[in-house]
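Reader: I am new to this structure and would like a close look at a single part. Please take the pocket, and then what can be said about the sheet.

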Amino acid sequence: MKNNRRIFIVLIGCFFLFLNCSKKSSAGGGSTNPQTPSNPQPPKTNEVDFWLTTGDRSALLVKQNDILSFGTTANIYANIEVDSTQSYQTIDGFGYTLTDGSVTVINALSESVKANLLKELFGNSDNSIGVSYLRLSIGASDLSAETYSYDDVPDGETDVNLDHFSLSKAKAGLIPLLKEILAINPSLKLLGSPWSAPVWMKDNNNFKGGSLLPQYYDAYSKYFVKYIQQMKAEGIVLDAITIQNEPLHGGNNPSMVMTAAQQATFIKNNLGPTFKNASIATKIILYDHNCDKPDYPIEILNDPDARQYVDGSAFHLYGGDISALSTVHNAFPSKNVYFTEQWTSSDGSFDGDLKWHVKNVVIGSMRNWSRVALEWNLANDAGYGPHTEGGCTMCKGALTINGNSISRNVAYYIIAHASKFVPASSVRIASNVSGNINTVAFLTPTGKKVLIVENDGAAVTFNIKFKNKWVVSSLAAGAVGTYVW
């Protein structure tokens with residue numbers, strides 16, 4: 001009987017010992033072989049590339065390491081929906097004005113530094129930003145070292161037959177630089193804009209202000225033709241010209257005032273027929289001034305005799321609202337609109353300019369039918385020169401060049417967020433704006449989708465939705481992101 005009792009006690013002890021060991025094992029307290037899940041989830045793969053610039057400059061067009069995979073897990077975030085079945089205008093490009101001042105400081109770089117810079121600006125490698133459109137001044141702009149036209153004669157003389165027309169000043173710097181740029185990007189599009197006609201054609205005989213005398217309308221038309229033909233002879237093709245930079249602002253040096261009625265008369269009676277007779281294919285773009293006067297291009301386009309020669313209208317945004325481009329587009333849907341200039345100031349802030357310009361110049365112009373988005377000056381020196389006497393003393397280039405040192409300023413990143421990813425011949429497609437999240441989307445010729453997002457408010461998380469799936473991303477206040485898939 002005693003033996004049976006001992007056996008029973010031993011068995012009870014073993015039973016409790018077994019239970020205790022089982023509890024420890026199930027709690028992971030010492031087990032060396034934890035169970036592997038029967039259905040492991042495969043690691044997510046990145047489906048959307050994301051480049052970021054922040055207002056505090058902690059990221060400057062930097063590709064992010066975020067894993068952005070499309071999925072269908074519901075969340076509470078705002079949706080930015082991209083719809084490639086809805087398409088709008090074709091894009092000609094993004095870029096700057098290559099002023100004489102830009103030419104001067106770029107040409108002063110050592111050959112190797114200059115070559116690398118031009119590849120960075122105009123190439124299509126991973127290290128390039130793919131600038132695809134440049135505006136040129138026909139003669140001097142206010143960011144030239146001096147005033148001049150391509151047909152200057154002594155005071156009191158005229159040159160109606162344009163016998164003294166010469167591109168010699170352009171051949172000294174601009175044309176050789178353009179040839180280097182076109183060797184890198186032969187498909188680069190060029191727009192020419194005059195700041196003034198030759199002074200002998202003007203009613204005040206001065207580069208600053210004044211208006212074109214009617215008796216020289218025909219000579220000035222031929223001036224444009226000679227410019228286009230002689231540039232072409234140098235291997236430089238002008239895609240388009242505007243008739244006058246800022247025709248309602250006569251206070252710049254150089255400048256010239258031209259009312260809508262004067263421009264309409266010049267187009268229909270002189271410039272249009274002259275281009276046609278000379279078989280000039282270069283597009284004629286009117287206005288080239290602020291968004292506060294959409295009635296100016298509309299007045300000209302209302303004239304069928306002028307309208308037949310016009311490709312479209314160009315705008316700046318020193319006054320008015322960017323929606324003026326849609327006002328003109330809606331009035332004349334068959335005519336194009338272009339956004340051709342906006343400057344950043346030497347006293348501006350990086351964060352403020354980044355937000356405002358991406359919102360208005362890039363996203364705003366594109367959402368309002370523009371085929372181009374151009375910032376003003378590509379490059380200048382540390383003193384914001386060269387410029388004419390009375391020219392802009394505060395215009396900050398996309399680049400500041402000091403010797404062989406190059407600083408990339410806010411306008412560089414404003415344009416790069418589009419130019420690097422949206423080549424010419426891309427098409428704008430539908431995307432919505434949600435709260436303070438401003439967007440524009442494109443379909444590239446190779447089928448990629450590009451979404452540019454500017455966060456105009458506080459830090460935000462949002463969905464990028466495409467074909468009923470979405471990825472989740474976030475932007476800090478004032479940040480800009482470009483997403484590609």
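Author: The lining of the largest pocket divides into 13 nonpolar, 11 polar and four charged residues. This is a predicted model, and in it the largest pocket has a volume of about 650 Å³. Its lining has 28 residues, and those nearest the centre are Asn124, Ser419, Lys420, Phe421 and Pro423.

Ser419 is one of these residues, and helix α12 covers residues 410-419. Nine strands make up an open sheet with mixed pairing, in the order β2-β1-β22-β19-β18-β17-β3-β20-β21. At the edges are β2 (62-63) and β21 (469-475), each of which pairs on one side only. Helix α12 packs on this sheet and touches β1 (49-53), β19 and β22 (480-484). The direction of α12 makes about 170 degrees with that of β1.

Some of the strand pairs can be followed in detail. Strands β18 (residues 437-443) and β19 (residues 449-455) run antiparallel and are joined by seven bridges. Within this pair, Phe442 stands opposite Val450 in β19.

Strand β3 (residues 78-90) has five bridges to β20 (residues 460-466), and these two run parallel. Here Glu81 has Lys465 in β20 as its bridge partner. Four bridges join β3 to β17 (residues 427-431), and that pair runs antiparallel. The bridge partner of Asp83 in β17 is Ala430.

Terms used. Residues are numbered from 1 along each chain as its sequence is written. This is a predicted model: local features need pLDDT of at least 70, side-chain atom pairs count only at pLDDT 80 or more; totals for chains, interfaces and linings use all residues. Side-chain values use heavy atoms; hydrogens and water are left out. Two strands pair if DSSP finds at least two bridges between them. Contact means heavy atoms within 4.5 Å. Axes are lines fitted to C-alpha atoms, for helices over the stretch in contact, and angles run from 0 to 180 degrees between N-to-C directions. On a 1 Å grid over the protein atoms alone, a cavity is a set of points where a 1.4 Å probe fits but cannot get out, and a pocket is an open set with protein on both sides within 12 Å along at least five of seven lines; lining residues have an atom within 4 Å of a point. Grid points are joined across faces, edges and corners, and a volume is the space filled by probe spheres set on the points. Ala, Val, Leu, Ile, Met, Phe, Trp, Tyr, Cys and Pro count as nonpolar, Asp, Glu, Lys and Arg as charged, and the others, Gly among them, as polar.
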